[in-house]
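Hi everyone, thanks for coming. I'd like to walk you through one model today, starting with the ligand and ending with a helix.

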Amino acid sequence: MSLHLGDVAPDFNADTTDGRIDFHEWKGDSWAVLFSHPADYTPVCTTELGRVAGLKGEFDKRGTKVIALSVDPIEDHRGWAPDIGEVTGNALNFPIIADPDRKVAELYDMIHPGEGDTSTVRSVFVIGPDNRIKLSLTYPKSVGRNFDELLRVLDALQATEKAPIATPADWRPGDRVIVSLAVSTDEARKMFANVEERKPYLRYADAPSA
Ligand code: BEZ
């Protein structure tokens, strides 16, 4: 199934390393990152899951739950988990979904036949409190993801949900933002501090404080 930004993230039941979950119930009204990896006991995946475990505090600060998935069975997830802690220094601290029948992988279109076999590629879905898909990323099996970028984009998504703004290239929290095209410059001057009109269609402003 092909999913688009703004679609409701499909619900499912699955076994995870933290027990059986109903995805929407587990997620509640938090933000969530659902990400797949190709296989347990593989090198890039070991570094990726360790990195996410090391960033758990950063995801918590952003009110975001993280959950991984592969088509390996639960016994493999449990057997592999200690390696992640040993190799990366970060013990697994979030659930991994076991999807041996590929039910969730197919729901989220995480299997790409051109990528070798019927395991999942490196998909990422950022899902908002309203259960809608806010961002999706797809990386090939050979390339590990940049999880600093995932935190950056979570910050940008959360900022742009709160006010009629957009974020420019490479934006980071604290940088100036772009006023939405739906807001006139006069209105923008009432809503935001330090509005600067570089072009009629490009107005910078200080980011509104949270
Ligand atoms: C890895 O995690 O290293 C990996 C897994 C499957 C295919 C290629 C690389």
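Before the contacts, one working rule: I call a pair of N or O atoms a polar contact when they lie within 3.5 Å. And please keep in mind that this is a predicted model.

With that rule in hand, let's look at Cys45. One of its backbone N or O atoms sits 2.9 Å from an oxygen atom of the ligand. Pro43 also takes part through its backbone, where a polar atom is 3.4 Å from a ligand oxygen. Arg122 uses its side chain instead: a polar atom there is 3.1 Å from an oxygen atom of the ligand. As for cover, the ligand taken alone exposes 260 Å², and the protein buries 73% of that.

Who else is around? The ligand's surroundings are Pro38, Thr42, Pro43, Val44, Cys45, Arg122 and Lys141. Which helix gives the shell its largest share? That's α2, residues 43–54, with three residues.

Now over to α6, which covers residues 147–162. Why does its length agree with expectation? At 1.5 Å a residue, its 16 residues should span 22 Å, and the end C-alpha atoms are 23 Å apart, so the two agree.

Technical notes. Residues numbered from 1 in each chain as written. Predicted model: local features only at pLDDT ≥ 70, side-chain atom pairs only at ≥ 80, totals over all residues. Heavy atoms only, no water. Near = heavy atom within 4 Å. Polar contact = N/O pair within 3.5 Å; in protein donor to acceptor, adjacent residues only side chain to side chain. Areas by Shrake-Rupley, 256 points an atom, 1.4 Å probe, with all protein chains shown as cover. Helix = DSSP H or I, 4+ residues; strand = E, 2+ residues; numbered from the N terminus. Expected span 1.5 Å × (residues − 1).
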